[in-house]
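Work through the exercises below with the sequence and the model open side by side. Try each task before reading its solution.

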Amino acid sequence: MSVRTRFAPSPTGYLHIGGARTALFNWLYARKHGGRFILRIEDTDRERSTTESVNVILEAMVWLGLDYDEGPIYQSERFPRYREVIQQLLDEGKAYHCYCTKEELDEMRQSQMTRKEKPRYDGRCRHRQEPREGVNPVVRFKNPTDGTVVVEDLVRGRVVFQNQELDDLIIARSDGTPTYNLTVVVDDLDMKMTHVIRGDDHLNNTPRQINIMRALGGEPPAYAHVPMILGEDGARLSKRHGAVSVLEYRDQGYLPEALLNYLVRLGWAHGDQEVFTIDEMIEWFDIKDVNKSASTFNPAKLLWLNHHYIMHSDPLHVAHYLRWHLGELGVDPENGGPDPVEVVKAQRERCKTLREMAENSLFFYRDFDHYDEKAAKKNLKLAALEPLRKLYQQFQAIETWQPDALHQVVQETAESLDMKLGKVAQPLRVALSGCAVSPPIDVTLHLLGRDKVLERLAFAIEYIEKNSDSP
C-alpha cells in the first residue's frame, strides 16, 4: 500500500513552529516513500475557526514549499458524512444518547474527586431507553470496558492503555455537530491514511480513536507522536519566547529552507551534519530516528543557519526573497537602482537576515534628505570638504565605472592629499549611504552609478559648507 500522510491544522490562529515541524515530518516521510501528502483543514470549531486563519496556514505552506498532493480538504464540508457515521454507530449499538445535564456531570465529577477517584463519565446513560424531556442529548461512543489498546508508536515504542481507564467520550454535541475525536477517525479512514505523524499532546486521544476505528471496521494507521518543542527556559514554546508563527519568521527575513533545515534538526539527526539540502532531508529522514525527548528551540542557532544560507545560496535565489522585503519597505527594485542579485552579493557577508539586508540597502533605491547624526558629526566636517570636492571632479571625468577603477580613484585621491584611505573613504561612505555602514566603497560606488554618486556628493559638499565656517 502506498504511504499516505496528512497535516491537519485547526484554523484558529497562525501556523506555529510546532505545526510546521509536524507538516515537514509528514511531507518528508511521504516524499521519501513515493507517497501522498494530504492537507486537511480541521475547521469544525465554528466559533474559533476563521477564513483569515485558513489563508495564513495556506500562505505559510506555500512559503515553506511544502506542496501537498491532495487538498485542502475542509472538515466543515463533510458534516453529512459525519452524521452518517454517528447514526451508524447508534444503529449498531456502539454509541448512545446521553441526557445528563451540566449540573449532573459537575456533581458526578465532584463526588469522584472527593473519593479521590479519577474524574470521568460513569456511563449512567449507557442503557437508557427513554429520552429525557427538555434535554437535547449528546452522543457518546460506547468504549470497551475491558482489555487494552496497544499503540506501537514509531517514536515512543509500545504504549499500552487500559480500556477501563477510558470513559465514553462525546462524539456529537447537543446541537448535532461532531467532535474532534470522531471527525479525525472518519477522515483518516476515508482518506486511507497509512501513517499519522503528530504532536505527542495527541497521544492520549489515540486509544479512543483506535477504538472508534475498530468499531467502524477499520484498521488503524501507524502512529508516530513527536515530542513537543520547548523554549530555552524549558517551558513549552510560546509567544513569550519570541516569534512562533511561521510567517513571522518570513517577515523577519529568514529563508524558508533555513527554517526547514532548523526544524528538521529539532529532534532528528543524521550523524553530526547540521546543514541539509531538501533532497538530503528526503533521502535520509526516517520517523523512527526522531528522539523521544523534547527539543529546545535556539533562536541564535536558527539565525546562524539563516546567515549560512544567505552566504552560500545562489544569489539569484536569495534575491527572489529580497525583492519581497524591499517591496514591504515600499521599494520597487525595477523602478531604478541596482539589480537585487548584485545587492545580495554586496551585502550577504554582513547581513544575517533579508530584512536587515533590505533595510541596509534602502539607500541604493531611495534618496535621503538627512544623515545619521552620529555619522555626520564624525565624518562630514570641514576636513572632508577638499577630498569630497576632488572625488566629485574625478568621478565626473572617469571613463570606466567599474569597482577596480573606482577604488583607484579613491586611493589616488587619498595619496594626493597625503591622507589615510579611511579619512577619505569613510566621509565618502556617509555621503553616499547616509550612515557609517555600507558594502566596500568601490562596490557601493559601482552599484549606485555615476549620476547618483555625483548627486549625493554635491548634497554632502553643500551640507558641510552650510555647517562649517568654510568660504
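## Exercise 1: A salt-bridge network

Glutamate 42 and arginine 40 meet through their side chains in a salt bridge, at 3.1 Å from N to O. A salt bridge here is a side-chain nitrogen of Lys or Arg within 4 Å of a carboxyl oxygen of Asp or Glu. The model is predicted: local features need pLDDT of at least 70, side-chain atom pairs count only at pLDDT 80 or more, and totals for chains, interfaces and linings use all residues. Residues are numbered from 1 along each chain as its sequence is written, and side-chain values use heavy atoms, with hydrogens and water left out.

Task: with which aspartate does arginine 40 form a salt bridge, and which parts does the pair tie together?

Solution.

Step 1. The partner is aspartate 188, with the closest N and O atoms 3.0 Å apart. Arginine 40 belongs to strand β2 (residues 36–41) and aspartate 188 to helix α5 (residues 180–190), so this pair ties together parts that are 148 residues apart in sequence. Helices (H or I, at least four residues) and strands (E, at least two) are DSSP runs, numbered from the N terminus.

Step 2. Check accessibility, where buried means under 20% relative accessible area, exposed over 50%, and partly exposed in between (1.4 Å probe, protein chains only). Arginine 40 counts as buried because its relative accessibility is 0%. Aspartate 188, with 3%, is buried, and glutamate 42 is buried too.

Step 3. Now take aspartate 190 and arginine 81, whose side chains form a salt bridge at 2.8 Å, N to O. Aspartate 190 is in helix α5 and arginine 81 in helix α3 (residues 79–91), so the pair ties together parts 109 residues apart in sequence. Aspartate 190 is partly exposed at 29%, and arginine 81 is partly exposed at 26%.

Step 4. Salt bridges that share partners join Arg6, Arg40, Glu42, Arg78, Arg81, Glu84, Asp187, Asp188 and Asp190 into one network. The whole structure holds 37 salt bridges.

## Exercise 2: An aspartate in a loop

Task: is aspartate 168 buried or exposed, and with which side chain does the side chain of aspartate 168 make a polar contact?

Solution.

Step 1. Locate the residue: aspartate 168 sits in the loop between β7 (157–162) and β8 (170–172).

Step 2. Its relative accessibility is 5%, so aspartate 168 counts as buried.

Step 3. The polar partner is the side chain of tyrosine 96, at 2.7 Å. A polar contact is a pair of N or O atoms within 3.5 Å; within protein, one must be able to donate a hydrogen and the other to accept it, and residues adjacent in sequence count only if both atoms are side-chain atoms.

Step 4. Leaving out residues up to four places away in sequence, aspartate 168 touches Tyr96, Tyr121, Gly123, Arg126, Arg140, Phe141, Lys142 and Asn143. Contact means heavy atoms within 4.5 Å.

## Exercise 3: Cores and crossing helices

Task: how many residues has the largest nonpolar core, and at roughly what angle do the axes of helix α18 and helix α20 cross?

Solution.

Step 1. The largest nonpolar core has 102 residues, and Ile287, Leu388, Phe395 and Leu428 have the most contacts inside it. Such a core is a set of buried Ala, Val, Leu, Ile, Met, Phe, Trp, Tyr and Cys residues joined through side-chain atoms within 4.5 Å. Helix α1 (residues 17–32) gives the most to this core, with 9 residues. A second, separate core of 27 residues includes Tyr82, Ile86, Leu90 and Leu203.

Step 2. The axes of α18 (residues 421–433) and α20 (residues 450–466) come within 8 Å and cross at roughly 105 degrees. The two helices are therefore roughly perpendicular.

Step 3. At the crossing, Leu428, Ala431 and Leu432 of α18 meet Val453, Arg456, Leu457 and Ala460 of α20.Axes are lines fitted to C-alpha atoms, for helices over the stretch in contact, and angles run from 0 to 180 degrees between N-to-C directions. Angles under 35 degrees count as roughly parallel, over 145 as roughly antiparallel, 65 to 115 as roughly perpendicular and the rest as oblique.

Step 4. Leucine 445 lies in helix α19 (residues 441–448) and is buried at 0% relative accessibility. Among the residues that leucine 445 touches, beyond four places away in sequence, are Phe395, Leu428, Leu432 and Val453. Leucine 445 and phenylalanine 395 are 50 residues apart in sequence and 9.8 Å apart in space, C-alpha to C-alpha.
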